[in-house]
Amino acid sequence: MNTLRDPKVASVIDRMYSEASDQMAQLHERGAQLIKATTAQERADAFSDFYLPVTPESGQLLYTLVRATRPALVVEFGMSLGLSAIHLASAVRDNGVGRVVTTELSAAKVVAARASFAEVGLDDVITVLEGDALQTLAGIEEPVDFVLLDGWKDLYVPVIALLQPKLSPGALVIADNTGLPDAQPYVDYIREPANGYVGVSFPVRNSDAMEISCRT
């Protein structure tokens with residue numbers, strides 16, 4: 001069984017990636033607003049109508065990793081409009097066990113993503129936490145088996161530090177866009193052996209990568 005191949009799910013994913021592609025020129029123009037933004041909320045508001053998605057290949061990779069590891073709890077930092085969450089939740093559905101908890105600061109994106117989750121029939125396995133992830137994720141008490149970091153890169157280290165006491169042995173931590181300069185502090189942290197991870201950098205687009213790490 002592969003939920004990603006369900007015609008209803010596949011058509012929504014195709015539509016979302018098509019819309020994301022159409023936004024690229026405008027996204028580059030909006031970059032000036034990001035430079036001016038000084039808080040995470042200002043950045044979220046500036047890009048409240050942009051997808052900022054993982055690549056289609058990265059989505060397939062996330063699906064495959066969740067299918068293989070069968071996590072009971074998947075936590076995503078940075079839902080955006082929900083493309084990566086749909087891939088994660090599709091794998092959870094096909095595993096027959098687990099759930100996805102995802103976070104998003106933009107209220108507009110939360111509304112849009114929840115509608116998409118309902119449209120594809122995956123809303124029953126996805127919990128959306130709206131607000132500052134450093135506050136909303138603090139309420140998680142159960143073991144975390146799989147983490148996707150795909151929000152603002154300068155928050156990767158604080159978010160993983162928050163989740164770290166809850167990570168189960170062997171938990172996977174996937175960080176997107178680790179080829180960007182803002183992600184370098186996270187890369188340095190996760191590759192420091194004393195911090196308890198082992199992993200590899202996986203290329204996902206030109207001059208960019210995902211960092212795939214295992215909690216040892």
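Which residues in α5 meet which residues in α6? Keep that in mind while you find the helices. One caution: this is a predicted model.

Start with α5, residues 56-69. On its side of the contact we have Gly-59, Gln-60, Leu-62, Tyr-63, Val-66 and Arg-67. Now look across to α6, residues 83-95. There, the partners are Ser-84, His-87, Leu-88, Ser-90, Ala-91, Val-92, Asp-94 and Asn-95. So what classes are these, sorted into nonpolar, polar and charged? Six are nonpolar, six are polar and two are charged.

Next, the geometry of that pair. The axes of α5 and α6 are 8 Å apart, at an angle of about 30 degrees. Angles under 35 degrees count as roughly parallel, so α5 and α6 are roughly parallel to each other. Their crossing is right-handed.

Now the second pair. Helix α1 covers residues 7-22 and also packs on α6. Here the angle is about 155 degrees, and the axes are 10 Å apart. The crossing of α1 past α6 is left-handed.

Who makes this contact? From α1, it's Val-9, Ile-13, Met-16 and Tyr-17. From α6, it's Leu-83, Ile-86, His-87 and Ser-90. By class, that gives six nonpolar residues, two polar and no charged ones.

Technical notes: Residues numbered from 1 in each chain as written. Predicted model: local features only at pLDDT ≥ 70, side-chain atom pairs only at ≥ 80, totals over all residues. Heavy atoms only, no water. Axes fitted to C-alpha atoms, helices over the stretch in contact; angles between N-to-C directions. Helix = DSSP H or I, 4+ residues; strand = E, 2+ residues; numbered from the N terminus. Left-handed = near helix turned anticlockwise from the far one by under 90°. Contact = heavy atoms within 4.5 Å. Nonpolar A, V, L, I, M, F, W, Y, C, P; charged D, E, K, R; others polar. Parallel < 35°, antiparallel > 145°, perpendicular 65-115°, else oblique.
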